[in-house]
Amino acid sequence: MLDLKFIRENADTVRHAVLVKGVNLDLDELLRLDRELVELKQRVEALQTERNANAKLVPRATPQERPTLIQRGKDLAEEIKAQEPALRAHEDQLRQLLLRVPNIPLTSVPVGRDDSENVELRREGRVPEFTFPPLDHVEILERQGWADPERVARVSGSRSYLLKGDAVLLEMAVLMFAMDFLRGRGLTPLSTTALVRPETLVGSGHFPGGEDQVYKIEGDELMLAGTAEVPVNSLYAGEQLTLDQLPMAYAALSAAFRSEAGSAGRDVRGLIRVHEFRKVEQYVMCRADEAEGLRWFGVLLENAEAMLRALELPYRVVQNCTGDMGAGKVLMYDIETWVPSEGLYRETHSCSYLGDWQARRTGLRYRDEHGKLVYAHTLNNTGIAAPRILVPLLENHQQADGTVRVPEALRPYLGGRERLGVPVREGATA
C-alpha cells in the first residue's frame with residue numbers, strides 16, 4: 001500500500017508503475033473516489049460544526065426560540081446520519097483500490113512483461129559434466145526406493161510427495177543446515193505455523209489478487225500460507241516499535257501450502273511443483289531508509305548464494321523485470337539453480353525488497369531518532385525450500401553407480417556419510 005498523499009501528488013509515477021507491473025487497477029477511478037470522499041467528509045464536518053454551534057445556542061435561547069433550535073439539531077443529526085452509508089461505501093471502495101496500488105520499482109529495474117524478460121546478472125559454480133547418462137531426480141528416487149508417488153497420490157492426490165529412507169534424512173538435513181547457517185549469520189531462528197487469518201494475507205500483499213493460490217479451512221476463518229513471510233509479516237501488526245528494536249531479522253521455518261492454480265500441465269512429475277512443502281524463509285524488518293534496505297537486500301542475497309555454494313550447486317542470479325516482480329516490490333532478484341536433466345536453471349530463491357508497502361498494510365511503525373512515527377521497511381528471501389532444492393541436489397551430485405554424493409556441508413547432519421544410497425549401476429564417477 002502506498003501513502004494516499006503520495007498517490008495524489010505523484011499520479012503519473014503511480015500510473016506508470018501500474019502499467020509496467022501489469023496491475024489491474026483503474027487509477028482514475030481511485031482518484032475520483034478519493035475526491036468524492038474528501039467532499040463527503042467536508043460536508044459531514046460542516047454539518048457537525050453547525051450542529052455543535054446550534055447546540056450551544058439552545059441553553060441561551062428564549063422559550064420561543066428553543067423548539068426551533070432543538071428541531072434544527074434533530075434535522076442536522078438526521079442529515080449527518082444519512083451521509084454515513086455513502087461515506088462508509090466510499091471508504092471501503094477506496095481501501096480496496098488502495099490495496100491494489102503497486103509499489104514504485106527502482107529506476108534500475110528493467111521493464112518487461114514476464115519472466116522471459118528477466119535479466120541474467122551472472123552465473124556461479126561449475127555445471128557438472130557427466131561421463132555417464134545422468135538420471136533425473138525422479139529416476140534417482142525410484143531406483144533407490146526413496147519415493148512412492150503412486151501410493152501417496154492415492155492418499156493425497158496429484159502434486160503430493162512422499163519420501164523414504166535416505167531422501168527423508170536428506171530433506172531434514174538441508175532444512176537444519178539452512179537454520180544453522182542463517183543463525184550463524186545473525187538471523188533469529190523462528191518456527192511458525194502456516195495457519196493464518198485472511199488479514200495476514202492482505203498484510204503481506206498476497207490478497208487481493210492471489211486468493212486462488214491459497215487453501216481455505218472450511219468453517220473457520222483460517223487459511224494455509226504459502227510461506228512463513230505471511231505470518232511473520234503480521235507478528236508486530238499495529239504495534240509501535242522503538243528504534244533500538246530494529247532491525248529484526250528472522251530465519252523462519254514453516255510448512256507451506258500452495259494450490260498451484262493455473263499451473264495445470266506444468267511440472268507435474270516429481271518434486272518441482274507440489275502443494276505442500278517445508279521452507280526456511282529469511283525475513284527482515286528495518287529502518288525506513290532505502291540505503292539500509294538495499295544493504296539488507298545484499299545480505300539476504302549473499303546468505304542464499306553462500307548456502308548454494310556450500311551445497312556445491314551451480315546457479316545463476318537474475319534481476320526480475322517489472323512484470324515479474326509482484327505488485328509490492330521495489331527490487332527483486334531470483335536465484336535459479338542448475339537442473340542437469342532439463343539443461344536449464346530452475347528458480348529456487350526469490351529476494352525481495354518492499355520498502356514500507358507491507359508495513360503500511362499491517363500498521364507496523366516505529367519512532368525514529370526525532371520521535372516521529374514512520375513505517376518500517378521489509379524484505380524477504382528464501383533460505384531453503386524443500387523438497388524443491390532436492391531436485392538440483394540429487395541431480396548435480398549423482399554418481400555413475402547410482403549413489404548420491406553428499407556435499408561436505410551436509411555431512412554433519414547425516415552422520416558423516418559421504419554417499420547416500422546403494423550402487424545400482426556400474427560406471428565412472430562424475
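Let me begin with P208, which is found in the loop between helix 8 (198-204) and strand 4 (215-217); helices here are DSSP runs of H or I with at least four residues, strands are runs of E with at least two, and both are numbered from the N terminus. A cis peptide bond joins F207 and P208, with omega at about -5°.

This is a predicted model, in which local features need pLDDT of at least 70, side-chain atom pairs count only at pLDDT 80 or more, and totals for chains, interfaces and linings use all residues. Residues are numbered from 1 along each chain as its sequence is written, and side-chain values use heavy atoms, with hydrogens and water left out.

A cis peptide bond also joins L246 and P247, with omega at about 0°. P247 sits in the loop between strand 6 (240-242) and strand 7 (248-257).

I turn now to backbone phi. Most residues other than glycine have a negative phi, and most peptide bonds are trans. R159, although not a glycine, has a positive phi of about 60°. The loop between helix 6 (149-156) and helix 7 (166-184) holds R159. Is R159 buried or exposed? R159 is buried, at a relative accessible area of 13%; buried means under 20%, exposed over 50%, and partly exposed in between, with a 1.4 Å probe and protein chains only.

E312 likewise is not a glycine and has a positive phi of about 60°. E312 lies in the loop between helix 10 (290-310) and strand 9 (315-319), and at 33% relative accessibility it counts as partly exposed.
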